[in-house]
Amino acid sequence: MATTTRKNDTDDWRTTLLGWTAKQGRILTDEGKATEHYCSERGFPFASNELPHYHLERGDSHQVFRRWAAAASSCDDQEGKSPIVGAWSRPLFTGKWEHSTDNDETVYNIQTGSLFIDLRIPMTKPVSRWENLLCGDNKNEGQIISSRQAFESMSDEDLRLYARQHVFAGYSVISQEKNNNNDNNNNKMSNNLPLCTRHHCIDWNYVSGKPRPRPNKWYIEGRNTNERTPFNTWKEWSYATDENGQSYYWEKWERITGDELGQGLRLAMRKKKQVPSREGCDDAILVAVGDHFNYIVGRQFLDLHTRYGDASNTVELVDLAIQNGDRDTAISYLSLAGGHGTISSGWKIDCALQPWQHGKSVFDCLQCNTCNEEVKVIGSSNVGCISWEVLIGNDSWDVYECSLSREKLQQLFLSRKMSRL
């Protein structure tokens, strides 16, 4: 009886994990009808450059995001300032007749005034099993096998289970919708709330040639207990509404302790575009607010994925590849890395897509081509941070946003070494 119970428990978590991405998709898309909600006839038109993957597919996200960041740094327009700068958890995600909570997935959504990284990992993911893909007993001694070796040691089923998680990153544009007398306004939830439109440059779910067909655009409703301080809780309401005039999904976000209410440390950096390069490859972002940081490193994949034209996202592609005995394609597509950690720990990672990275310094994960641990800030203290560069090993990074002076930023990076003493 005990053996049967254990088998049923195992089957339950596997089934739940394998269905996680599909459930998230049903909630987010009104069971596949969301694209129909975005049309001019219903009062929800959009331009092609509002689509999440527009700049990723054009290959100009570096130039465009830098231009936006430079404009934001020199502008005092409060309407364009983000009211959601901070580190956020997600207690509730709901739409139609389904919902998901922080009992179902761990979410770290770090939003600066420019770049963001949104990390989502299912609770049913067998983290402890994959955490133990080590060559040594002490993670701090660097005895960790390469990610490629870790993937190759996984079974086909493990690769399919591993695909069920999510992280994406890019730039958030804040705007304010103007009131007008259009009859279609009756379909809209509100004309008074700020709007956020997210543009993705690295995305776990993205498959080349299959961009998302509707904007990642939503209202921000903050809960203000004191209008003089930033809010600690807010709701994300879908911009378009369903046939009943209601937002077809909404998410509740809560501030994570240690982000200094978004008013302390703020840092946003992106690895400089490599030449020659394909967007998504050799790309990486690091964002920090208060004590929290998120990182993401783009996948290193071959053009093998083009043989699976029916796949519309990473999960479908990996499943098809495994079904065809093509582990190389599956592994290459799962090579995207991302995670969360705290600066006070010495920039150590505590939650990651790749569990074997837990306990490592984030800078070890960001320097793919060198063992050089040096991190150096380059630029003049007399000019804005938008002109600074950060060298991580041999790689150069652009600074999009920083609340610290150049000297204090350098000290902050040095703190990772002090924590080892």
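Which residue in E17 is the bridge partner of Leu 391? The partner is Ser 396. The model is predicted, with local features requiring pLDDT of at least 70 and side-chain atom pairs pLDDT 80 or more, while totals for chains, interfaces and linings use all residues. Residues are numbered from 1 along each chain as its sequence is written, and side-chain values use heavy atoms, without hydrogens or water.

Strands E16 (residues 389–392) and E17 (residues 395–402) pair in the antiparallel sense over four bridges; pairing requires at least two DSSP bridges between two strands. Strands (E, at least two residues) and helices (H or I, at least four) are DSSP runs numbered from the N terminus. Both strands belong to an open, antiparallel sheet of eight strands, ordered E14-E13-E12-E11-E10-E17-E16-E15. The edges are formed by E14 (348–352) and E15 (375–378), each with a single partner strand, so one side of each has no neighbour in the sheet. On average, neighbouring strands are turned by 25° against each other, direction ignored. Helix H5 (residues 61–73) lies across E10 (266–271) and E17, at about 35° to E17; axes are lines fitted to C-alpha atoms, for helices over the stretch in contact (heavy atoms within 4.5 Å), and angles run from 0 to 180 degrees between N-to-C directions.

Helix H9 (residues 314–323) is largely enclosed by the rest of the structure, because seven of its ten residues are buried, that is, under 20% relative accessible area with a 1.4 Å probe and protein chains only. Among them are Val 315, Leu 317 and Asp 319. Their cover includes helices H2 (20–28), H8 (156–162) and H10 (327–333).

Technical notes
Buried means under 20% relative accessible area, exposed over 50%, partly exposed in between (1.4 Å probe, protein chains only).
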